[in-house]
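Keep the sequence and the 3D view side by side. The walk starts with charge pairs, then moves to a helix, a few loops and the surface.

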Amino acid sequence: MKKRRTPLIGGSMAVLMLSQALSITPAQAEPSAPAEGKWLTGEYHVHTVQSSDASEPFMKLENILNAAFREDLEQLPPEAIASLNFGAPFDFLMLSDHLRNSPRDPGGNDKPTARWEAIRDQQATLKQLQEAGKFAGKIIYSGFEWDMMGLDHGSVGIIDSSNDEVPVEAIRQFEWLYSYDTSKDQFHGNEEELWGPRLSKDELKLNKDKTFEAIAWLNQNYPKSFVLPNHPSRHNGSDTGVVRIEDLRKMNDIAPDIVFGMEGMPGNHMAGGENRSEMIDIYGGADVMIAEVGGIWDSLLGEGRRFWNFANSDFHFKVSSNRNYSSGYWPSEFSQNYVWVNGDKFKDVAEGMRSGKSFAVYGHLIDALDFKASAKDGQAEMGGQLQVTEGDNTTITIRFKSPDHNNYAPISDHQTAVTNNVQVDHIDLISGEVTGKLDESEYADTTNETTKVVKRFTKADWGKPDADGYYTITYTVPADKNRYYRLRGTNLGTDVVNYTENGEPLMDQPYKPGDAPESGQNEDRFNFINDRNYTGLWFYSNPIFVNVTELSDEQAVADTIAKITAQLADTSDVTASFTLPSEGLHGAAIQWKSSDERTLTIDQDKAVVTRPSSGSNDARITLTATVTRGGKSADKDFTVIVKALPSDNSNNGSSGYPWPIPVPSKPGVTVLGDGGTTKTNDDGSVSIIADQGYRIKDVTVNGVSKGQLAVLKDLKSTDTVVVTFEKITTEPRPEPEKPTVPSAGFTDVGNHWAASAIDFVVSSGLFTGTSGTTFSPNGQMTRGMFVTVLHRLAGKPAGDSSARFDDTDANAYYYDAVAWASSHGIVNGISSSKFAPDALITREQLALILFNYAKNADYDLSAAQSLSGFADKQLVSSWAAKAMEWAVGSKLLIGSGSSKLKPQDTATRAEVAMVMERLVRSSKE
């Protein structure tokens, strides 16, 4: 790849929406933390004074560890120029001095030895420091940076799975066999007798096959070890040392559990030679191998290889004492790996790295990332694989934290606009297809043309942080082909001169002296490089793989028809509008048609019912669902019986359901008592005006309270509006007397199984009837209705006027309730702008909203019951699992007689009344 300043774009366009329908929604709940393991930060490529090219006196072992773990920082001399005020200390560190002659001991004193002997000294010094009380609980290991034969460098951690000690004898053998820069005179034992003759430098240095042999040797003798190529593109354009994709493939073939990744975010950021990290092909601090969308890393992932990206400091010194040279940042100062680790030994860290559950960051852009893909049957995290059926939805969940500040500080005083403030500008979701392993004849292929930025998220998508400081995004896409998803994020806008173009990182700009006087060019260079590095910050996640099981169009259609049939259930006694299933299974589409549009009108996903007039016959209607996927289509007919209005009730049957039928005419309006007037207009609107000294007390439409609304719209001549006013007084209003058995006033409650619960919720003011004489216990509960009930329970507090959704009508009875619930985190809506107040509430949605209400009201949330005993536990959405466990453990939700939770089923008004009675009574116990 030639030197250029163009953005890196794989294929014709980097940002390309997938062809299927997509949606973004805020997460409904925080995912539960896994029971084991924890996130640890650290790196595996840092030098000490025992490397020949890290000769500064402040590079002694103790100072390196002090910086990494933020201990005794006052011991660092001023010339160290360490800026370590922000960000957390590291949890682990692997020291990786060069596998060459070592010139010094860990304290910086002259002591020429082979590397294996220097590591033995390093371990002895480390033990002394730990026995003195330093670095408690930290994981510290000694590996080395290996000059791979015929290639560039690699970080090597040799791990003996039988114990936790650094295997010095294994390092000695490896160095004897595979190090061409350790002179033979540094070995002083019986190495040749034990391991055979040592090859000369000329025999080893350019012999790439010896590198492959060494990896095979590790795989056979120390299979828990790792070899991770460092700064792999550093020698691009050179005659020797070039690491090509075919080399990575061959090493990964030989030992996939040893060569499982690379240093795609190399260190040595302050280097002045060539460019950042002594490289030309580096973009936003990332090696071109990972920075190019559809490039080398994506080509490897497209084969399904578990091959991960990591970041390191490659620290040798920051600025030399003589102020002539610069190299990189101290460990924990600028770059971090976050790795999920089960255990407290370095072999556990290595296993965490091997798993791929990790992400890498520059400049503390983020300090937490929870990245998952889920479907109805499970979920997967970074490094994992999700199994999903073709056409089913895959939901991507991204939760992240970003700190306020990082460690930016000028190297010396100069004019600069760079600060240490941190803010994520956007996050890219990148996806490519997984097509299987290539034939070895194709190993030089460097592209994956299917890889695209499928979605770019901004602040508008993640909004405000939750109580724990996490920003959250969820994104849903139907599963189409085997693929992977990965993330990258930055603080930069999409088009920043010298840094980004169309959202893609540009090649890092090297220092050019310009007009700076020769005497000041060193300081000018140091500050330019440092400012450049902190101007553009990036993070990269490791991928999640999604494996798709193919499903025929015929099966998708059949499954959807079965789902529709189960959801509609009994339609032989319809008295009100209802919601129709609108989403098919496995990507199937549903279209609805009514045989009688006057009685049953299809309005998107609603069946809007107009009951026949009193004295008429019931209406018999054929409701047809046409289900289609691909080239397969099938119809399913349902018979719907719409009951005629009773002789004593003139309403149109949609009372209590906010789905008005647009028949513009004047409604009937009655004002009870004094205190104000109303104005009724021909367009069906009503204006309500209170007299001086009065205010609106309540407005009902067809017996349903709408609260204190001043304007009603889209009413019909069949609607009945009743308005009451009250005097404004500073005295508290007495609670109205409640009848002992309010259900006695309803003609449809009688001996209903929930009669006592209905008495409770009505007498408590939580529910009202759907008319003056009916409660509709078997009627369905909408999301708007349920939030209104909780609002009443809370005492009708005010909500944040800005916390509104596009689909909540200011005239609607639920408007204030939704505003209150949204501003208190009780509801989040189905998207950032939609609440779906008219959608029927499912049992798991009800549990989640109840859980959020209880949390907001400081209820005891300790009760929780495992869902393992329920036959349909797998149907519980991941975002609702914690809430369902609490609701079941608190006895608010009880499974059916068949030991099923039925989380996707809708809830009736009677069922919700029972739940609310249990909630209120339990809160008083």
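A salt bridge here is a side-chain nitrogen of Lys or Arg within 4 Å of a carboxyl oxygen of Asp or Glu. The model is a predicted one. Under this rule, 39 salt bridges are counted. Side chains of opposite charge can pair when their charged atoms come close.

Start at Asp181. This residue forms a salt bridge with Arg100, and the closest N and O atoms are 3.9 Å apart. Asp181 sits in the loop between helix 3 (168-178) and helix 4 (191-195), while Arg100 sits in the loop between strand 3 (92-95) and strand 4 (102-104), so the pair ties together parts that are 81 residues apart in sequence. How covered are the two partners? Asp181 has a relative accessible area of 26% and is therefore partly exposed. Arg100 is buried, because its relative accessible area is 18% and the cut-off for buried is under 20%.

Asp181 also forms a salt bridge with Lys201. Here the closest N and O atoms are 3.0 Å apart. This pair, too, links distant parts of the chain: Asp181 is in the loop between helix 3 and helix 4, and Lys201 is in helix 5 (residues 201-204), 20 residues away. Lys201 has 39% relative accessibility, so it counts as partly exposed.

Asp370 and Lys372 meet through their side chains in a salt bridge, at 3.8 Å from N to O. Asp370 is buried, and Lys372 is buried as well. Elsewhere, salt bridges link Arg249, Asp253, Glu303, Arg305 and Lys437 in a network.

The buried residues include Val168, Ile171, Phe174, Trp176 and Leu177. What packs around them? The buried residues of helix 3 pack against helix 2 (115-131), strand 6 (139-142), strand 7 (144-147), helix 4, helix 5 and helix 6 (208-221). An α-helix has 3.6 residues a turn, so residues three or four places apart point the same way.

Loops come next. Thr808 lies in the loop between helix 15 (783-793) and helix 16 (815-823). Is Thr808 buried or exposed? With a relative accessible area of 8%, Thr808 is buried. Beyond its neighbours within four places in sequence, Thr808 is in contact with Tyr814, Tyr815, Val818 and Phe835.

Pro256 occupies the loop between helix 7 (245-254) and strand 10 (261-265). Its relative accessibility is 44%, so Pro256 counts as partly exposed. The C-alpha atoms of Pro256 and Asn219 are separated by 9.2 Å, and the two residues are 37 residues apart along the chain.

Most residues other than glycine have a negative phi, and most peptide bonds are trans. Asp72 is not a glycine, yet it has a positive phi of about 50 degrees. It is found in the loop between helix 1 (61-69) and strand 3. Asp72 is partly exposed, at a relative accessible area of 29%. Gln604 is not a glycine either, and has a positive phi of about 55 degrees. This residue lies in the loop between strand 30 (600-603) and strand 31 (606-609). At 70% relative accessibility, Gln604 counts as exposed.

Turn to the surface. Asp439, Glu440, Glu442, Asp445 and Glu449 form a negative patch there. Of these, Glu449 lies in the loop between strand 20 (426-433) and strand 21 (452-458). Glu449 is exposed, with a relative accessible area of 63%.

Finally, zoom out to the whole chain. It has 19 helices and 40 strands. Of its 925 residues, 54% count as buried. Among contacts with a separation of 6 or more, 74% are between residues 24 or more positions apart. The accessible surface of the chain comes to about 38400 Å², and carbon and sulfur atoms account for 47% of that area.

Notes. Residues numbered from 1 in each chain as written. Predicted model: local features only at pLDDT ≥ 70, side-chain atom pairs only at ≥ 80, totals over all residues. Heavy atoms only, no water. Helix = DSSP H or I, 4+ residues; strand = E, 2+ residues; numbered from the N terminus. Buried < 20%, exposed > 50% of the residue type's maximum accessible area, 1.4 Å probe, protein only. Contact = heavy atoms within 4.5 Å. Patch = residues over 30% accessible without salt bridge, like charges linked within 9 Å, V, L, I, M, F, W, Y side chains within 5 Å. Areas by Shrake-Rupley, 256 points an atom, 1.4 Å probe, with all protein chains shown as cover. Lys, Arg positive; Asp, Glu negative; His and termini not counted. Charge placed at Lys NZ, Arg CZ, Asp CG, Glu CD.
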